[in-house]
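Q: I have a structure open and want to go through a few spots in it. Can you take them one at a time?

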Amino acid sequence: MAFTLGGRARRLVSATSVHQNGCLHKLQQTGSDRFQLGEAKAIRLLPRRTNMVQELGIGEEFMERNRETDTSYDFLGEMRQRFMRFKRQKYLPEIEKFQALAIAQSPKVMVIGCADSRVCPSYVLGFQPGEAFTIRNVANLVTPVQNGPTETNSALEFAVTTLQVENIIVMGHSNCGGIAALMSHQNHQGQHSSLVERWVMNGKAAKLRTQLASSHLSFDEQCRNCEKESIKDSVMNLISYSWIRDRVKTGEVKIHGCYYNLSDCSLEKWRLSSDKNNNGFHISDREIWS
């Protein structure tokens with residue numbers, strides 16, 4: 001059994017080298033430096049008794065790394081402490097509010113955000129429990145209705161038709177790994193692409209438009225432009241759903257696009273406006289909050 005765990009651990013440790021030139025590597029590059037934590041967790045699976053070390057022939061250098069993890073971060077312990085702190089400091093002082101939320105919800109805002117761990121919409125925008133109905137996916141994409149059902153548009157349908165939210169926000173951000181993967185993807189790869197690559201290709205129109213307009217810029221600069229173009233496309237894709245389009249026309253629902261810059265903590269915001277004369281829609285009212 002010890003030998004099996006060792007084999008599994010070695011496979012886990014080497015997992016970070018998989019797809020070094022592919023889409024998943026792009027997501028890793030734009031994430032936290034703690035991505036390598038998986039190695040430490042894998043090493044902790046190994047037995048620590050000296051006699052088993054000798055039986056397995058594990059080197060001293062490997063065991064030194066193992067000893068270093070003995071005092072490593074206790075994730076579950078910390079999570080328990082955070083939960084109990086939440087209960088003492090927030091839940092109990094406002095128990096009536098939380099008990100009312102246990103019965104029903106009536107959020108006024110729907111947020112479509114990126115799954116990136118650095119960009120939590122409620123944290124950045126200050127929403128409290130019950131205020132925002134939120135769905136997150138890689139690169140905060142909204143696909144048009146003709147593409148079929150996804151977890152994002154099913155959440156949209158519930159938020160708009162059942163909860164009757166009054167505002168929809170598509171929130172993207174700088175240094176987005178999903179957009180970097182989109183910009184790096186070779187369009188001809190097709191069925192050989194990973195799941196992530198196939199998903200982000202829903203933003204292909206924004207990519208092509210970006211490449212056409214800013215081919216003279218660096219790759220990173222193109223990614224920044226595509227991040228914003230993709231938000232605008234997702235905002236426009238919302239209108240392909242009749243139950244959203246009708247509510248926007250009557251003023252029951254307002255749609256916004258937001259771009260959060262991680263580097264300087266600024267927020268660029270747009271609004272979807274309807275032209276009642278020609279029954280069209282366009283992005284307008286650009287603002288920068290800094």
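Q: Which residues of α10 are buried?
A: In this predicted model, the buried residues of α10 are G177, G178, I179, A180, A181, L182 and M183.

Q: And how many residues does that helix have in total?
A: Helix α10 runs over residues 177-184 and has 8 residues, of which 7 are buried, so the helix is mostly covered.

Q: Switching to S214. Where does it sit?
A: S214 is in the loop between α12 (204-213) and α13 (219-237).

Q: Is S214 buried or exposed?
A: S214 is buried, because its relative accessible area is 4%, and the cut-off for buried is under 20%.

Q: What does the side chain of S214 reach?
A: The side chain of S214 reaches the backbone oxygen of T210, at 2.6 Å.

Q: Which residues does S214 touch, leaving out those up to four places away in sequence?
A: With those left out, S214 touches Q222 and N225.

Q: Now cysteines. How many disulfides are there in the whole structure?
A: A search of the whole structure gives 0 disulfides.

Q: C226: buried or exposed?
A: C226 counts as buried, because its relative accessibility is 0%.

Q: And C265, buried or exposed?
A: C265 is exposed, because its relative accessible area is 54% and the cut-off for exposed is over 50%.

Notes. Residues are numbered from 1 along each chain as its sequence is written. This is a predicted model: local features need pLDDT of at least 70, side-chain atom pairs count only at pLDDT 80 or more; totals for chains, interfaces and linings use all residues. Side-chain values use heavy atoms; hydrogens and water are left out. Helices (H or I, at least four residues) and strands (E, at least two) are DSSP runs, numbered from the N terminus. Buried means under 20% relative accessible area, exposed over 50%, partly exposed in between (1.4 Å probe, protein chains only). A polar contact is a pair of N or O atoms within 3.5 Å; within protein, one must be able to donate a hydrogen and the other to accept it, and residues adjacent in sequence count only if both atoms are side-chain atoms. Contact means heavy atoms within 4.5 Å. A disulfide is a pair of cysteine sulfur atoms within 2.5 Å.
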